Amino acid sequence: MSKIRVYEYAKKVNKSSKDIIEKLKELNQPVSNHMSTISNDVISKLDATFTTTNKKNEPKKQNTKPSNQTNKGNKNSKQTNNFNADKPVKKEEPKEVTKITYSGSINVGELAEKLNKETNEIIKKLMFLGVMATKNQDLDTDAIELICGEYGVEVEQEIEIDKTDLATYIEEDDQKKLKERPPVVTIMGHVDHGKTTLLDSIRNTKVTEGEAGGITQHIGAYQVEANGKKVTFLDTPGHAAFTSMRSRGAQVTDIAILVVAADDGVMPQTIEAINHAKAAEVPIIVAVNKIDKEGANPDRVMQELTEHELIPEDWGGETIFVQLSALKGEGIDDLLEMILLVAEVEELKANPNRLANGTVIDAQLDKGRGSVASLLVQNGTLKVGDPIVVGNTFGRVRAMVNDLGKRVKSVGPSTPVEITGLNDVPLAGDRFVVFKDEKTARQIGEMRQQKELEVKRGDKAKVSLEDLFERIKQGEIKDINVILKADVHGSVEALAASLQKIDVEGVKVNIIHTGVGAIKESDIILASASNAIVIGFNVRPDNNAKQAAESENVEIRLHRIIYKAIEEVEAAMKGMLDPEFEEKVIGQVEVRETFKVSKIGTIAGCYVTDGKISRDAGVRLIRDGVVIYEGEIDALKRFKDDVKEVAQNYECGITIKNYNDIKEGDVIEAFIMEEVEM
Ligand SMILES: Nc1nc2c(ncn2[C@@H]2O[C@H](COP(=O)(O)OP(=O)(O)OP(=O)(O)O)[C@@H](O)[C@H]2O)c(=O)[nH]1
């Protein structure tokens, strides 16, 4: 158990921090203030006093009555007496506050105002309580309660419910309704130690038994049966299940299988895997693989793992080791048996008789079926037709397919299933929750979408790759905001990871939104609002997005090769991007006569009406306001001489390269391509 602070403990036992501080003094464990931490052994001592009495006497209350106010109460009554005595004088008494309410956070100044006191007075009181605070400093619940207690004022915190938080819609289970559920297992280990082979081996030996004709399908997880019990394997070998999912706060794994090749021993990724599993507090079963190989040394593996606190039972430890050959399918039954054993110890349970919730294992956009998401049902039963919110997407479960490629109507806890029917593609690691009615699901889904947009919005000036370097140099930019869209989830993750690794002069790429599928108007709006560049990988903007990008001045970069996209961003950050050119019109010329010369073609006798025309300029032939040709000048002459340029109000002769259809009255527009100033 980790340490907790005085005020946290106070809240836990429904006492004021002051009570706890007093008690700690009595226990000879004085602390300086309510923010001080208390160690585990002291907590047990406190528990002995508080949890027993607390449970007996005081039900948990939302409102916090002021504590310890006997003194204050007296003072108040004294005041009243004085007031009565002074009645004929009719002095203005400040309005007495007896109760305040607040929501969210409140700072010292605001509290003073609510209490009808001077800010300085509050600051002094806080100092006395060991808290140094300034006027604009936010106060935690406990400090607020302490101060109000001092004045004998009741405090009520209005708890704000975040309606977009899916967790608030998941009701707690009645323990009596819980039933055993299959364990969800992740296989981890160093490269080439045999994770994929093991996953295949388990699947091949177990899945098809009794499932004649079943076509296996990769939906990110599969179930096998052993000894009449089911086991669910996440079939994303490696750390994906831990890294990407856990980064979104999703915990799906119950048991981690650590594969270590007996001929190779503990390697860097083995250690990494151990750390992931430990951080997630997931039990580890070690699978010593490749024991069929010459040079296999299982003992060495065990020896090496003891250094990482994985000690075999035979050696007095608690870690289960299974020796196997994934390639030959040996030891698979042992492994499954051990998994079931650990599962039993862990008492994994869920309630199949409720609306489902769980986690997205993977999701993608399918040309025919639209958004397709692989879900792991973690609690409840998921049914076709269920109104559902998945991450920031929503819909109704249209169809469900299990890991054997079979259509199913309902699935219970720990079951992986692929669903269609969502309005957009969610992300791996997103939570899903089923709702009773579609209207609520839609409302919450839309609110979540909206919130996602708002959260990601910033209000900086627009950025483009071209001016990036300059703004980095000026110190205007520290983060480069990027919105990433790609055809498949894997590319999104790969590109995002690589972009985030680019580090130029301490400037970092900040991926504010990623998604699968075409670049949409909403992406552009988000980019515009958050001053981001949109990078599309194997995807294109749709028409609305194109228009929005133009009007919002948002830069879209399209790529087909990951490293090119990375190179480009890196080059922009280093100021090495090829310069961008912009067209600049330098002049206008009126065609007054035309001459046809056999070897030369049409010569236009012209008059420069505006600006100038130069020999190396590009030209556009405009007739009745419509551009009918764009090309280069072949010759520019004044009288018989070739000239470099001709200025306004002068006459000249022009021939256009490979173009002769020039007519009297046409306008020739001259333009040059100019490097955009950075
Ligand atoms: N002899 C022997 N070879 C094995 C065994 N298990 C896996 N291999 C071989 O080891 C190599 C790597 O196996 P994979 O299953 O691809 O390893 P992995 O851990 O999934 O590798 P990555 O996906 O690259 O991380 C392959 O050539 C397998 O055939 C085994 O039990 N015995």
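**Helices α5 and α6**

The model is predicted, so I read every position here as a predicted one. Helix α5 covers residues 108-115 and helix α6 covers residues 119-128. I noted an angle of about 115 degrees between them, with the axes 8 Å apart. The range for roughly perpendicular is 65 to 115 degrees, and α5 and α6 are therefore roughly perpendicular to each other.

Next I listed the residues that meet. From α5 I found V108, G109, L111 and A112. From α6 they face T119, I122 and I123. I sorted the contact of α5 with α6 by class: five nonpolar, two polar and no charged residues.

**Helices α6 and α7**

I then followed α6 to its contact with helix α7, residues 141-151. Their axes come within 11 Å and cross at roughly 110 degrees. That makes α6 roughly perpendicular to α7. On the α6 side I wrote down I122, K125 and L126. On the α7 side I wrote down A143, I147 and E150. The contact of α6 with α7 divides into four nonpolar, no polar and two charged residues.

**The six-stranded sheet**

In what order do the six strands of the open sheet run? I read β9-β10-β8-β11-β12-β13, with mixed pairing. Strands β9 (221-226) and β13 (320-323) stand at the edges, each with a single partner strand, so one side of each has no neighbour in the sheet. Ignoring direction, I found neighbouring strands turned by 30 degrees against each other on average.

I checked the pair at one end. Strand β12, residues 284-289, pairs with β13 in the parallel sense over four bridges. V286 stands opposite F321 in β13.

Which helices pack on this sheet? I noted α10, residues 268-279, which touches β8 (184-189), β11 (255-261) and β12. The direction of α10 makes about 150 degrees with that of β8. I also noted α12, residues 332-346, which touches β8, β9, β10 (229-234), β11, β12 and β13. The direction of α12 makes about 165 degrees with that of β13.

**The ligand shell**

Which residues come nearest to the ligand? Of the 17 residues around the ligand, I listed G194, K195, T196, T197 and L327 as nearest. Helix α8, residues 195-206, gives the largest share of the shell, three residues. By class I wrote four nonpolar, eight polar and five charged residues for the shell.

**The five-stranded sheet**

I moved on to an open sheet of five strands. Its order is β25-β26-β24-β27-β28, and its pairing is mixed. The edge strands are β25 (503-504) and β28 (556-559), and each pairs on one side only.

I looked up the join between β24 and β27. Strand β24 spans residues 479-486 and strand β27 spans residues 533-537. They run parallel, joined by five bridges. L484 stands opposite I535 in β27.

**Helices α16 and α17**

My last entry is on α16, residues 521-530, and α17, residues 543-552. Their axes come within 8 Å and cross at roughly 20 degrees. Angles under 35 degrees count as roughly parallel, and α16 and α17 are therefore roughly parallel to each other. Their crossing is right-handed.

I listed E521, D523, I524, I525 and S528 from α16. They meet N544, A545, A548, A549 and E552 in α17. By class, I wrote five nonpolar, two polar and three charged residues for the contact of α16 with α17.

Technical notes: Residues are numbered from 1 along each chain as its sequence is written. This is a predicted model: local features need pLDDT of at least 70, side-chain atom pairs count only at pLDDT 80 or more; totals for chains, interfaces and linings use all residues. Axes are lines fitted to C-alpha atoms, for helices over the stretch in contact, and angles run from 0 to 180 degrees between N-to-C directions. Helices (H or I, at least four residues) and strands (E, at least two) are DSSP runs, numbered from the N terminus. Angles under 35 degrees count as roughly parallel, over 145 as roughly antiparallel, 65 to 115 as roughly perpendicular and the rest as oblique. A crossing is left-handed if the near helix is turned anticlockwise from the far one by less than a right angle, and right-handed if clockwise. Two residues are in contact if their C-beta atoms, placed from the backbone, lie within 7 Å. Ala, Val, Leu, Ile, Met, Phe, Trp, Tyr, Cys and Pro count as nonpolar, Asp, Glu, Lys and Arg as charged, and the others, Gly among them, as polar. Two strands pair if DSSP finds at least two bridges between them. A residue is near a molecule or strand if its C-beta atom, placed from the backbone, lies within 6 Å of it.
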